[in-house]
Amino acid sequence: MQRCIEIARNGLGSTAPNPMVGAVVVHKGKIIGEGYTSRYGGNHAEVNAIKAVSDSALLKESVLYVTLEPCSHYGNTPPCADLIISHGIPEVVIGILDPHEKVAGKGIERLKDAGCQVTVGVLEQECREHHCRFLTFHEQQRPYIILKWAETSDGFIAPDENKRHTDAQPYWITGTYARQVVHQWRAQEQAILVGTTTVLADNPKLDIRHWTGKNPLRVLLDKNLKISSDFKVLDGSTPCLVATEKKPEEKLKNVEYVRLDFSRNLAEQLCQLLFERSITSLIVEGGTQTLQTFIDADLWDEARVFTGNSSFEKGLKAPRFTGTLCSERTIENDRLKLYRP
């Protein structure tokens, strides 16, 4: 099961909104086939693991290990439970149940009805952690939310306005390696969110130019439509969802405007908006007010906080939050801490 989790991570950033599942086929204590979920729309992990077995006759004497309950319904692909049964695999070991309403125990039931021996709950906590995005989406009806920011040694995320350049551009706190890590994170998640002030001050691209993969959906909070089409977030290169209270005067390529009530809980409205669009994960990158909105609403699952060596002495303070420090590491000259609620 540990191997299943290990190979399943290869699907991070490409399988969503499907879960990134890992599966291995074991014959007399030896792995003879393994696979993980293909890019969205492709094969599930069980299919790839079974296909990887060179002698299919061995399947009738094998055990299939899988991180998540095999599906029992037709989606982009046929049910994996039926495939397992058709190959006569006698035993299936499952990490956790699938909370998706179309599965939710039906896959296990189908396997048992066909005579398979089924074990559930092996490395259950580790599998839940691995499938955190998928589980949060289906159990809490919202995306898995990652807060991210960089702060100076004296606790600021942006300098005083007088210290900024006349043109909008990022004022870097961290080094190039830390920034590359952030682009890797962006490639792993489905959407990225910033507020109006961040765009006006930094004019960010919100892309993965220092990594490889797919750019996340840009999500922009712009109550009064202050962001004009010459800003990079609205350049049309990547889809952008703009939450606003106003009606746009022009239609822009790859930009969708959605009306929200900014007098109500914005974090909750955004979660609902993204859930309806099958967005299973979101990085909130700033600024302080936007981050604080999610913190105050208690709608976050991780906070990834960089601390650089520089100091601003005055400026925009980092968000205030209470969390449990789970890990800490150094990236070049920067310190990265991971917190959970």
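Residues are called buried under 20% relative accessible area, exposed over 50% and partly exposed in between, with a 1.4 Å probe and protein chains only. Helices (H or I, at least four residues) and strands (E, at least two) are DSSP runs, numbered from the N terminus. The structure is a predicted model, in which local features need pLDDT of at least 70 and side-chain atom pairs count only at pLDDT 80 or more, while totals for chains, interfaces and linings use all residues. Residues are numbered from 1 along each chain as its sequence is written, and side-chain values use heavy atoms, with hydrogens and water left out.

Two strands are taken to pair if DSSP finds at least two bridges between them. Strand β2 (residues 30-36) runs antiparallel to β1 and is joined to it by 6 bridges; within this pairing, E34 of β2 is the bridge partner of V24. The hairpin of β1 and β2 has 2 residues between the strands, and K28 there takes a positive phi near 50 degrees. Strand β3 (residues 62-68) is also antiparallel to β1, with 5 bridges joining the two. Here V26 has V63 of β3 as its bridge partner.

A nonpolar core is a set of buried Ala, Val, Leu, Ile, Met, Phe, Trp, Tyr and Cys residues joined through side-chain atoms within 4.5 Å. The largest such core has 33 residues, of which L147, L270 and F294 touch the most other members. Helix α9 (residues 266-276) gives the most to this core, contributing 6 residues. With contact meaning heavy atoms within 4.5 Å, and residues up to four places away in sequence not counted, F294 touches I145, L147, L193, A267, L270, C271, L282, V284, L299 and W300. Another core, of 32 residues, lies apart from it and has V25, V63, I84 and C127 among its members.

In helix α4 (residues 106-113), the buried residues are G107, I108 and L111. They are on the same side of α4 because they cover an arc of only 95 degrees around the axis, the arc being that of the directions from the helix axis to the C-beta atoms. These buried residues pack against α3 (80-86), β4 (91-96) and β5 (117-120). After α4 comes G115, with a positive phi near 100 degrees.

A salt bridge is defined as a side-chain nitrogen of Lys or Arg within 4 Å of a carboxyl oxygen of Asp or Glu. By this rule there are 15 salt bridges. One of them joins E129 and R340, whose closest N and O atoms are 2.7 Å apart. E129 lies in helix α5 (residues 124-130) and R340 in strand β16 (residues 334-340), so this pair ties together parts that are 211 residues apart in sequence. E129 is partly exposed, at a relative accessible area of 40%, and R340 is partly exposed at 22%. E129, E302, R304 and R340 are linked in a network of salt bridges.

A salt bridge also links K148 and E285, with 3.7 Å between the closest N and O atoms. K148 belongs to strand β6 and E285 to strand β12, so the pair ties together parts that are 137 residues apart in sequence. K148 is buried at 12% relative accessibility, and E285 is buried at 14%. The side chains of E256 and R277 form a salt bridge with an N to O distance of 2.6 Å. E256 lies in strand β11 and R277 in the loop between α9 and β12. Both residues are partly exposed, E256 with a relative accessible area of 38% and R277 with one of 31%.
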